[in-house]
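Student: Could we go through this model together?
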Amino acid sequence: MRKVSRTGRVLLLAGAMSALAMSEAAFAQDAAAPQGGLDEIVVTARKREENLQSAPLSVSAIGGEALAKAGIDEFSEIAGRVPGFTFNPDNVSEPNIFLRGIGTDIESAASNPAIGFFLNDVYLSRAQGTAIELFDLERVEIVRGPQGTLYGKNVVGGAINFITRKPTDEFRAGAEAGMGNYGSFEVKANVAGGLAEGLSGSIAASARHHDGYARNTFTGNDVEDLDAYGVMAQLRYQPDDRLDILLTGDLTRRRGGGKWVDIQIPSEHNIPFVNPDRRRGPNNIDGKQDADLGGVHLSVNYDTGSGTLTSVTAYREGKFASVNNDAGSFIDFTRMIYGPDGRIDFGAIDHSLFNDDYYINDKDETAKSFSQDLRFRSDFDGPFNLLAGLYYQHESVDRTEIADYIFVEFYAQGKEIAETRLKSDTWAAFVEGTFDITDTLGVTAGIRYTKDKKRFSVYRETIGDFLGAEFEDENGDFTRAFSASSKQSWDAWTPSLNLHWQPAEDIYLYGLVSKGYKSGGWNGENATNPGEARLAYNPEYAWNYEVGAKTTWLDNRLRFNLTGFWTEYKDLQTQQFVIFDPNLPADNVISNAGKARVKGIELETAVAPVDGVTLFANYTYMDAKITGDLISTELQYDPSCFCSVPVPTNLKGNVLRRSPKNSFSIGGDVTVPVSSRINAFVRADYNWTDDFFFDNENSARTRQRSVGVLNGSIGIATDDDKWELRLWAKNLTNELYESGKSDVIGSVLVSYNPPRTYGATLRWKY
């Protein structure tokens, strides 16, 4: 039945191609082309250069000039401008990233992200893709949906590609400086050009700072402040027209305060501890969110005459450290009463004087990776061409998490330690062929084989009272500490089939079927015995069905693209709180949802009605549901024992977390000459997101309300665009909206996105 159903859906989607048109990020246009109309955008999402309007997949491209004009400094600002994209940067080592309703909120050394990040085709492991400083980029590409054939690290939710500006013999340089509220300032500079015959180079650097968006009244310090520095250098050797060698190195250093956590909805016990000011109050610690990351990669392209042979060799390393009071609480330890053993005497204290949740989470992680990508792209004269390749990656992750906690109402004080290690190897081989049936009709088919081998170990220790169930050793006896290790391999074949048709010069239609895969892992950080630590969760699989068309009208002044997609997930990996014992706080565990389905429509348009004016409108509709069994628990009152007991609940039919049904962005860029040498401009974008749930239980308490965020700038620039002065503002209406939200022991704890920020920036380029 499954095969019949799948075949029927393929035929249905193929038949609907003529009625649909594909989605690309129209707002990515850097500016109107000099001759009028919209700029052509070249992307490499399919490992080859092609016009975005004739690339048969759902990809958005934001040009480097557009990033600079919008004042975008980090990935969170990109995600906020893409409909259907949600991002929670609360934890620098494990941010939550969701695209088309699929993402990862799993906190584990053994897990893989659903969204893959790449820098010049190099996979950025762990959180490097969201922490890297963004500068001197040619563009950022956002590829939606499972990418099972061409990408080195197989991902099921999408891929983000950072493409740098390559040096050439032509000299270029630029610099900018700005300052704003919250004591912010930033400086950026870049220079590139020829160094010798066939040799060119570039270097770019940035530094930025802002004070904290929140205030800890106990320590008297800011929270959520940031100091970030980055540098990137490239050396390019082109001895002739056939050989192109590029060596790239980059470093990023981030030092930031901890994420502010607010009690949005208090339990009855915590009502006295709610802060009147949502971004101000007492906390025992300021916390930190630090990252050091970088790497080096060597890209070699050689024209063999019949095609291009490409080799990409890379080494990367990232170190992350975060300390946060995840309860957002303050405990006055001077009021505590201690017993002879030095521990809190919960029977002697007045519980009403203390917040019921104190949880200091201290995480340190180091991730190292080596990768080798080798591929060949043919350039045959006939109707058939192919792309084939081999891929290898080795990754090691060392992670330590120490939780220091006090739960007054549970009479619990203790500390948990989890030290986890992962070593993984990924091998893959792929081939993709394109056959032009006619001058306007073609088919592309491909397949990839991927094998993942993982070796995992964990050491768990508890000091004081257990946070969850008591630990057991191999024999089932009580213990304070245990260790375990395991190894396992997973593999998958992931095919793709793409039918593309160009019935007219400015109309491009396609239908796509593809499979994605993400390897399994272990739940070791939360295990209570060696057997549980060695129990792996299953790989995640996805089948994606997609149709679209890319159309251009009015002599390249109007672009109208629409995509329809339907994605089915099997064994969806998810993390959630589960109550095993009503006398203990809920445990955070990883499990597989039997099935999930995401379907929707993406519409993106751009128009340049007259020279100097570019407008855009993008919209995403998404229906994301859990369609298989996923068991959670909730406390319900049992009159037979006059107590609350955990009751299993099947979440089948619930909406997937972080999946807004509707989202859109609108905006534009208007440039008007005010003299023969000076132009004035106004730029703005408004991004609206429907309400959504932060958990799969679909609790009304963890629902984020719909919110709209307005960003904009005004300024002047010289006619040759060498100088620009702009006044800018982000979150202009100062919306207070959540980036993270959880329901813990009756209190809803939240973190917030940045408030209104504004400033001025002076920019020069040559």
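This is a predicted model: local features need pLDDT of at least 70, side-chain atom pairs count only at pLDDT 80 or more; totals for chains, interfaces and linings use all residues.
Student: Which residues touch the most other members of the largest nonpolar core?
Tutor: They are F75, I78, F85, F117, I160 and F162, in a core of 32 residues. A nonpolar core is a set of buried Ala, Val, Leu, Ile, Met, Phe, Trp, Tyr and Cys residues joined through side-chain atoms within 4.5 Å; buried means under 20% relative accessible area, with a 1.4 Å probe and protein chains only.
Student: What is F75 in contact with, beyond four places in sequence?
Tutor: Its partners include F85, F87, I97, F117 and I160, contact meaning heavy atoms within 4.5 Å.
Student: Changing topic, in what order do the strands of the open sheet run?
Tutor: The order is β4-β5-β6, with antiparallel pairing. Strands are DSSP runs of E, at least two residues, numbered from the N terminus, and two of them pair if DSSP finds at least two bridges between them.
Student: Which are the edge strands?
Tutor: β4 and β6 (102-104), each pairing on one side only. I97 stands opposite T104 in β6.
Student: And S60, buried or exposed?
Tutor: S60 is buried, at a relative accessible area of 1%. S60 belongs to strand β3 (residues 59-63).
Student: Which side chain does the side chain of S60 join in a polar contact?
Tutor: That of R144, at 2.9 Å. A polar contact is a pair of N or O atoms within 3.5 Å; within protein, one must be able to donate a hydrogen and the other to accept it, and residues adjacent in sequence count only if both atoms are side-chain atoms.

Conventions
Residues are numbered from 1 along each chain as its sequence is written. Side-chain values use heavy atoms; hydrogens and water are left out. Buried means under 20% relative accessible area, exposed over 50%, partly exposed in between (1.4 Å probe, protein chains only). Helices (H or I, at least four residues) and strands (E, at least two) are DSSP runs, numbered from the N terminus.
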